[in-house]
Amino acid sequence: DAQQLEQASSGRRRVRRFIVIDEVVDELYGSKVRRYFEENNVQHKILALPTTEETKSMDLVLNILQEVQNFSIDRRTEPIIAIGGGVCLDIVGLAASLYRRRTPYIRVPTTLLSYVDASVGAKNGVNFLQCKNKLGGYTPPVASFLDRSFIQSIPRRHISNGLGEILKMALMKHRGLFDLLKSHGKYLLDTKFQSYSGSANHGDAALQTTRIAIETMLEELAPNLWEDDLDRLVDFGHLISPELEMRVLPSLMHGEAVNIDMAFMTYVAHTRGLITADEKEQIIQCMRGLELPVWHGGCSWALIQAALRERLRHGGGQPRMPLPTGLGVAEIFNDISEETLEGAYKLWVRD
């Protein structure tokens, strides 16, 4: 903001920032973050917290808000900054939305999953009564700052985890993105989504993949930011996975649970006759190439039934099931029979 910049440079008013950073990210990058604020003469408070699915609760939100109150921010000109993965961004977003009814906040994603998913859109929330994101709201950030250099320090499994959400957008909306993942998936895992000169065989696959994934996500979310329309292609992979993820914590990461859901739904689409056997196999092999799980023993038929009942409760009495109808194209179905679902489950278990 030009006025804030002028005030800060003239010394009339010191810039102040409250930052919440994931404690693991703080160990890796905290000294750089502190140096940045010190060199720019910004008065700051950095709160390092453990932000995991197990700690994603209202207790942590209230902890943040107590510290915000102690720091005494100006809710109009001093946005809270969240630096971390999707859980951190969700928690801080909810805290900001509650403080003085709405305080601006900035998202700085540090994992591939949060880079292409949590950085986009308006949702925030915490887990409640062992249900994923049961409490939350819709408060978009004033900005998301995307820096792929954070991704180079996260483990390979976390890269694969983020690729699950990218694959979701590819299967629903973008054949070109699916082909990119098929061709360059191992390279993206090996290079941790960094851009290198001299990688002519791959072009800038990291930039292409992330840009298409984010633009495709925005294209889908922007007209329906508040989810007034419950028919959402971005819900692919999110029918069974919330129940599965919470049931088996902490053995599955979010993107892994989403991919297991997508694998099952791929079998549902094939059983219904929406995709060919070859298309089904291409999808499953692409998942394996991205080192994503395509099955988990915790995903029982009983769990699937329970998850779909929950879906009906929150979908206005309709399952609103996004399914691929080809590679990179999809539709939403409300008439998938239990016989089709059970048949798909048996094939999935067999394979």
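Does Gln130, at 74% relative accessibility, count as buried or exposed? In this predicted model, Gln130 counts as exposed because its relative accessibility is 74%, and the cut-off for that class is over 50%.

**Domains and their interface**

- Of the area that domain 1 buries against domain 2, 33% is supplied by Leu112, Leu113 and Arg148, which is more than any other three residues supply.
- Across the interface of domain 1 and domain 2, the rule finds 2 salt bridges.

**Nonpolar cores**

- The largest nonpolar core has 72 residues, and within this core Leu167, Ile240 and Phe264 touch the most other members.
- Helix H10 (residues 254-272) gives the largest share of this core, namely 10 residues.
- Because domain 1 (15-151) and domain 2 (155-224 + 232-350) both give residues to this core, the core lies between them.
- Apart from this core lies another one, of 25 residues, which includes Cys88, Leu89, Tyr105 and Ala118.
- When neighbours within four places in sequence are left aside, Leu167 is in contact with Phe178, Leu181, Asn259, Met262, Cys286, Met287 and Leu290.
- As general background, nonpolar side chains tend to be buried together in soluble globular proteins.

**Helix H8**

- Helix H8 (residues 205-221) has 17 residues and should span 24 Å at 1.5 Å a residue, which agrees with the 24 Å between its end C-alpha atoms.
- The buried residues of H8 are Ala205, Ala206, Thr209, Thr210, Ile212, Ala213, Ile214, Thr216, Met217, Glu220 and Leu221.
- Helix H5 (112-118), helix H6 (156-173) and helix H7 (175-191) are among the elements that cover the buried residues of H8.

**Salt bridges**

- A search of the whole structure finds 27 salt bridges, including one in which the side chains of Glu291 and Arg156 meet at 2.9 Å, N to O.
- Glu291 lies in the loop between helix H11 (277-289) and helix H12 (301-314) while Arg156 lies in helix H6, so this pair ties together parts that are 135 residues apart in sequence.
- Glu291 counts as partly exposed at 42% relative accessibility, and Arg156 is also partly exposed, with a relative accessible area of 30%.
- The side chains of Glu310 and Lys134 meet in a salt bridge at 3.1 Å, N to O.
- Asp179 and Arg175 form a salt bridge through their side chains at 3.1 Å, N to O, and because these residues are 4 residues apart in helix H7, about one helical turn separates them.
- Within that pair, Asp179 is partly exposed with a relative accessible area of 29%, and Arg175 is partly exposed with a relative accessible area of 39%.
- In the salt bridge between Arg247 and Glu243, the closest N and O atoms are 3.0 Å apart, and because the two residues are 4 residues apart in helix H9, they are separated by about one helical turn.
- Arg247 is exposed, with a relative accessible area of 52%, whereas Glu243 is partly exposed, with a relative accessible area of 26%.
- A network of salt bridges links Lys123, Glu227, Arg232, Asp235 and Arg311.

**Backbone features**

- Gln130 has a positive phi of about 60° although it is not a glycine, and its place is in the loop between strand S5 (123-128) and strand S6 (131-138).
- Arg100, which is not a glycine either, has a positive phi of about 55° and lies in the loop between helix H4 (86-98) and strand S4 (105-109).
- Arg100 counts as partly exposed, at 49% relative accessibility.
- The peptide bond from Leu249 to Pro250 is cis, with omega near 0°, and Pro250 is placed in the loop between helix H9 (241-247) and H10.

Methods:
Residues are numbered from 1 along each chain as its sequence is written. This is a predicted model: local features need pLDDT of at least 70, side-chain atom pairs count only at pLDDT 80 or more; totals for chains, interfaces and linings use all residues. Side-chain values use heavy atoms; hydrogens and water are left out. A nonpolar core is a set of buried Ala, Val, Leu, Ile, Met, Phe, Trp, Tyr and Cys residues joined through side-chain atoms within 4.5 Å. Buried means under 20% relative accessible area, exposed over 50%, partly exposed in between (1.4 Å probe, protein chains only). Domain bounds come from an automatic or database domain assignment. Contact means heavy atoms within 4.5 Å. The expected span of a helix is 1.5 Å times one less than its number of residues. Buried area is the accessible area (1.4 Å probe) that two parts lose on being put together, summed over both. A salt bridge is a side-chain nitrogen of Lys or Arg within 4 Å of a carboxyl oxygen of Asp or Glu.
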